[in-house]
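Colleague: Please take a close look at a single part of this model. Keep it brisk, and give the cut-offs.

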Amino acid sequence: MYACETLNLSSPLDYWDIFQRLHKICGAYDLMWDGWTVDECGEDTGNNMTNGNTVAESWIDGVSDWWFDNHPMVIAAERADTWHSGNPDWGNTTMYCDHLWGHGTTVSDISPSDKYWLSWRWSEG
């Protein structure tokens, strides 16, 4: 969602219940700007995904801008087997593995009963 304050960086666990087989949600924790320098953000995000970047990487990079300070954020559902007692196996998480179908690894849906924790990433710029 290219819109201001769609996700709460201070309380990402508030989104626990929306993950009913949803892999991740891409939004912003603060302001996202509109102007001629961000006209290509959707195209950039799409190109990133079709060039093999993960969905999270594609979103965070795609909405970055040389003029405006955007605030993208991604929250993802994760399974217990990636938790490792608080030392996440990041390389096998939904956040770091999930690609657009046909353009890399795609994590299988996580049923509500298999959802164990949420991961989140954010960036400025």
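Modeller: Helix 2 is mostly covered, with 6 of its 8 residues buried. Buried means under 20% relative accessible area, exposed over 50%, partly exposed in between (1.4 Å probe, protein chains only). The buried set is Val55, Ala56, Ser58, Trp59, Ile60 and Gly62. Helices (H or I, at least four residues) and strands (E, at least two) are DSSP runs, numbered from the N terminus.

This is a predicted model: local features need pLDDT of at least 70, side-chain atom pairs count only at pLDDT 80 or more, and totals for chains, interfaces and linings use all residues. Residues are numbered from 1 along each chain as its sequence is written, and side-chain values use heavy atoms, with hydrogens and water left out.

What do the buried residues of helix 2 pack against? They pack against strand 1, strand 2 and strand 3, plus helix 1 (41-50) and helix 3 (94-97). Contact here means heavy atoms within 4.5 Å.

Two strands pair if DSSP finds at least two bridges between them. Strand 1 and strand 2 (residues 72-79) have 5 bridges. Isoleucine 25 has isoleucine 75 in strand 2 as its bridge partner.
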